[in-house]
Amino acid sequence: MSDERKLSDVERIKTASRNLRGTLEESLTDDVTGAIAEDDTQLSKFHGIYQQDDRDIRAERRRQKLEPAYSFMIRARVPGGLCTPAQWLAMDRLARTHANGTLRLTTRQAFQFHGVIKSRLKATVAGINEALLDTLAACGDVNRNVMASPIAAQATAQREVARWADVLSEHLTPQTGAYHEIWLDGARLETDAAEAEPIYGATYLPRKFKMALVIPPINDVDIYTQDLGLIAIIEDGQLVGFNVSVGGGMGMAHGVRETYPMLGQLLGFITPDQAVAVSEAVVTTQRDFGDRSNRKHARLKYTIDDRGIDWFRAEVARRAGVTFAPPRSVTFTQRGDARGWLEDDEGHWHYGLFVENGRIGDTEHQQLLSGLRAVAEVHRGEFRLTGNQNVWIAGVAADQRPVIDDILKAHGIGTGVSGLRLNSMACVGFPTCGLAMAESERYLPELIDAIDEIMIRHGLDDEPIVLRMTGCPNGCARPYAAEIGLVGKSDNHYALFLGGDFEGQRLNRLYRASVAEAELLEILDQLLRQFASGRMGDERFGDFLVRSGVVAPVLHGSEIHEEAA
Amino acid sequence: MSLPVQAPVSPESQHELTALAGGWSADQQLWASGFLAGMAAARGHAAPASAPALKGTVLFGSQSGNGQGVAEALASAGADLGFELRAVNMADYAPARLAREELLFVVVSTHGEGDPPDDAADLWSSLADPTGPRLEQLRYAVLALGDSSYAHYCQTGRDFDERLAARGAQALVPRVECDLEYQEPAEAWRSQVLETLKEEFAPAAAPPRLRAVPASEAYTSARPFPALLEVNQKITGRDSSKDVRHLELSLDGSQIEWEPGDSLGVKIANPASIVDEVLEAADLDGDAVVRLADEETSLRQALTGEREITRLTRPVLERFSGQTDHPDLTAALADSSELAPFLFRHQVVDLLREYPLALDAQTLLDVLSPLAHRAYSIASDAQATGSSVHLTVARLTYEQFGRAHAGAASTSLADAAAGGEIPVFLDPNPRFRLPEDPATPVIMIGPGTGVAPFRAFVQRREAQGASGKNWLFFGDRQRHNDFLYQVDWLRWRKAGLLELDVAFSRDQEDKRYVQHVMAERGAEFYDWLESGAAVYVCGDASRMAPDVDQALTQLVQKHQARGAEAAAEYVQQLKRSGRYKRDVY
């Protein structure tokens with residue numbers, strides 16, 4: 001496990017940071033700049049904070065001899081996506097008073113605030129904590145927000161899985177006191193030594209780590225894209241255990257063949273009482289064997305790919321003291337969220353609310369922010385954020401439904417959405433994300449308008465197709481697990497990936513390395529025409545493309561770069 | 001004065017020349033130099049049109065360092081042959097310079113879908129502008145860097161080539177395109193360029209000759225140098241309440257030499273908008289003929305170039321009052337405590353509006369004072385910016401008597417378009433110079449545009465490698481929008497060259513100014529003074545300078561702890577020993 005190669009620079013920063021303290025406190029009080037010190041920008045991520053700048057005016061500010069228009073993105077962890085109406089109201093208030101007036105629901109069931117300037121950073125983080133949520137480990141080389149299916153036909157299964165999400169999240173949360181010291185004026189560590197991090201150690205993980213729990217048959221957390229996926233096995237309404245999937249992950253770099261996305265592979269079946277030990281063992285194995293010299297080769301997927309799944313299974317079994325049973329048979333039918341009212345087996349009602357790209361704000365046509373605030377003021381159940389950037393207004397009594405309906409209607413919420421739009425996602429991208437190479441959230445809605453016209457032309461009006469767009473190849477919106485994936489290349493140009501499946505069990509393949517809108521629409525027009533006339537029964541678009549030979553299926557993530565046609 | 005040793009005349013002739021011309025005034029000497037040049041021209045020996053060493057610029061723009069490497073290699077190989085080539089990042093090149101450039105080399109890469117690199121963006125958009133000036137005087141060559149796996153291989157290089165040609169510039173050698181393995185073709189291109197240069201412009205083997213170029217003191221308010229305005233850039237953010245301009249003026253060919261602390265005199269023309277207002281308020285026709293210094297001209301022209309039409313002064317008010325005897329005016333003139341606020345509140349146009357008077361064109365002209373030049377602290381040091389002189393100008397606008405008012409000089413400069421000429425001359429300020437000893441610590445207090453000379457100061461200290469510490473106190477309204485030259489200060493702070501403290505009055509509930517920060521940092525400030533620091537203050541004279549003076553005295557009193565009188569004496573002593581200097585206005 002010793003590695004002679006030079007450690008990555010982030011490793012140096014982590015090592016010197018005294019459990020993530022760095023010079024963050026000095027950075028916050030440095031009033032000559034809206035930025036924090038360069039090394040601190042790595043450490044702030046572990047506290048759920050990314051330094052960004054308004055890229056729309058980056059060039060203008062450079063000419064003005066002013067530093068970039070810095071602001072910060074803050075991500076609040078919401079394990080399993082569950083939050084109370086009181087918490088919702090607190091997030092809503094912070095978005096309006098401290099951020100840019102919008103809330104962003106992420107692809108990992110978390111809240112994001114954008115445009116928070118340095119002088120408001122501490123008050124925002126404190127406000128999130130007052131609402132009993134936090135931002136610690138929302139980003140950084142640690143286990144991030146633990147996802148869990150937010151909805152299930154069987155209410156007990158959902159509650160049980162949500163409870164495990166909480167337990168695992170708590171167990172894998174960093175123990176550093178830095179967070180309380182810096183943001184909450186907590187007691188200060190008096191010695192130069194840092195407190196123990198029993199699971200992570202002083203340098204945490206080599207790279208980010210993502211986990212989720214899913215309740216089949218709805219794969220609404222995209223379970224195979226996770227570093228660690230626990231697939232709930234429900235028998236007679238009771239949780240009997242989990243199939244364990246490991247080594248999924250999205251990020252890659254354009255044209256760099258050594259980088260590729262992967263879907264998870266199964267280690268086997270475990271009982272619920274083994275979940276904590278197995279999860280910790282997966283994390284510590286990655287901690288000890290992951291690549292700390294090359295951050296583009298540091299995710300768990302590479303550790304497993306380099307050493308083999310059998311080695312990994314044995315190492316985890318040894319560390320956890322368990323024996324993996326053969327995995328149970330599982331069927332997934334979809335990944336997207338349902339819309340509208342749904343009743344569970346205990347007679348509770350849940351309203352599935354579509355939020356385009358997760359952005360909650362007020363516009364002339366639809367006042368999502370105000371509308372959901374009004375709902376939160378009367379709602380007695382909870383809100384459940386989904387992995388598709390949507391939200392469930394959950395646990396509504398039957399007689400309360402008209403109240404919710406009226407509020408939504410009054411705010412222009414809940415109008416028609418095509419099957420394509422409902423199954424689409426976009427990351428944030430421009431203007432705040434530092435990695436974006438092309439537009440994403442600001443562009444996808446109008447692109448879908450254009451594709452919907454083509455769909456209607458071919459009689460595919462409400463055909464659900466999973467379409468995902470990201471501004472860069474890191475893959476926040478999981479574009480390589482989509483039937484149509486669009487990954488930003490440069491202004492107005494995207495790499496086009498096709499042939500993923502609808503349920504999230506097959507990656508797609510590069511189809512065109514760089515297309516602009518006109519060419520993209522031409523390609524989709526042609527393929528959708530073929531699909532409309534040539535599909536077999538209920539065959540999905542992605543499956544059709546593979547069966548008809550338009551793209552060969554990707555059997556291992558490393559094949560994704562091989563252009564299909 | 002002694003002549004350069006390589007002068008093409010014998011030592012005896014030199015001696016004679018010195019003896020003859022040594023006692024002449026500068027003007028006489030200048031005249032003589034022109035006279036001698038004329039004599040030579042008459043004998044068919046015109047002075048060469050270009051400078052002895054042919055000058056040119058090698059522009060590079062690339063995301064990687066490859067372009068810079070190629071450009072610098074060409075510049076240094078050119079120098080070996082006697083050509084004066086300068087390698088410059090496109091991001092640092094003012095597009096307006098193209099109009100005066102004679103020799104230009106472009107080394108540029110292509111990105112994404114045929115896009116220019118970030119550093120080339122501004123230059124490219126200027127060159128792509130179809131209304132830009134013709135470049136018939138220019139010879140150029142392009143080296144395009146690219147990656148043939150992209151569809152738009154070397155597109156930016158092609159674009160530059162095409163646009164330069166379209167503007168009338170002539171290619172010296174054909175464009176060369178390089179793939180990822182660029183070294184070989186780049187070297188071939190360089191050799192071809194150098195060969196052609198040698199053939200077409202034999203470098204000056206001959207020693208430099210006497211040229212009829214006047215020395216810097218030759219330019220005066222009456223006879224200014226036409227400087228090319230290369231850059232006119234707003235440097236306050238988009239949400240700022242202020243419009244502050246960073247101007248870059250080329251003094252190329254003027255031989256004007258300045259020291260940090262000096263000012264540049266600027267001959268302005270009054271903005272047409274203000275001239276129109278004055279004409280309207282006086283109810284006069286701009287075409288009316290007036291006499292000015294024995295010449296006839298139009299009233300409009302006279303008001304534009306020859307008269308002060310915003311600032312009101314006592315003599316103007318006296319002459320105006322003489323025409324009307326209005327009691328307000330008589331009262332203001334009679335009481336000096338009334339006069340200052342009256343002059344401050346009223347521009348010429350307000351006087352004409354508030355106290356209407358049927359003046360004829362000639363009388364109006366005679367009432368008004370001659371247009372004075374303006375002086376701006378120079379914000380650059382030649383050791384850092386070459387012959388480019390930088391000014392920092394705040395556009396003055398305010399409401400008074402229910403109407404928008406503007407300052408004549410700041411408006412005319414803020415509105416001046418890059419590529420035009422502005423008449424300037426050097427206005428030295430020997431009382432505001434850096435300490436002679438580079439080891440002396442320097443404390444600079446310059447809120448608002450008062451910070452301008454300190455940019456020149458720190459540039460000089462950086463160029464000198466001065467061992468003395470530097471400390472700047474800056475203040476304005478908002479950090480996000482009004483932190484003038486923020487990136488420069490931050491760079492120097494990062495390099496360990498500058499201590500930086502700021503006060504932004506509108507970033508928190510309570511108004512916060514530089515004097516408050518001085519008090520907060522009083523202990524360190526006093527330590528610096530004790531270790532011999534020199535203190536410089538530049539900016540507003542009416543409120544800032546007295547506040548800062550008081551803060552200085554108070555911090556000395558607090559940390560010296562020997563009472564008020566001793567503190568006052570300490571500050572007096574600083575002044576006497578030249579360690580407390582002010583340039584306030």
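## A quick tour of chains A and B

Setting aside neighbours within four places in sequence, Leu168(A) is in contact (heavy atoms within 4.5 Å) with Met211(A), Leu213(A), Leu230(A), Ala275(A), Val276(A) and Ser279(A). This is a predicted model, where local features need pLDDT of at least 70, side-chain atom pairs count only at pLDDT 80 or more, and totals for chains, interfaces and linings use all residues. Residues are numbered from 1 along each chain as its sequence is written, chains are lettered from A and ligands numbered from 1 in the order in which they are written, and side-chain values use heavy atoms, with hydrogens and water left out.

**More on Leu168(A)**

- You'll find Leu168(A) in helix 7 (residues 155-171) of chain A; helices (H or I, at least four residues) and strands (E, at least two) are DSSP runs, numbered from the N terminus.
- Leu168(A) has a relative accessible area of 0%, so it counts as buried (under 20%, against over 50% for exposed and partly exposed in between, with a 1.4 Å probe and protein chains only).
- Glu280(A) sits 112 residues from Leu168(A) in sequence, yet their C-alpha atoms are 8.8 Å apart in space.

**Chain A as a whole**

- Chain A has 17 helices and 20 strands.
- Its C-alpha atoms fill a box of roughly 70 × 55 × 55 Å along the principal axes.
- Of the 565 residues in chain A, 62% are buried.
- Take the contacts in chain A between residues at least 6 apart in sequence: 68% of them join residues at least 24 apart.

**Chain B as a whole**

- Chain B has 22 helices and 21 strands.
- Buried residues account for 47% of its 585 residues.
- For chain B, 76% of the contacts between residues at least 6 apart in sequence join residues at least 24 apart.

**Two helices meeting in chain B**

- Helix 9 (residues 314-324) and helix 10 (residues 327-334) of chain B have axes that come within 9 Å and cross at roughly 145°; axes are lines fitted to C-alpha atoms, for helices over the stretch in contact, and angles run from 0 to 180 degrees between N-to-C directions.
- On the helix 9 side of chain B, Arg314(B), Leu317(B), Glu318(B), Phe320(B), Ser321(B) and Thr324(B) meet Leu329(B), Thr330(B) and Leu333(B) in helix 10 of chain B.
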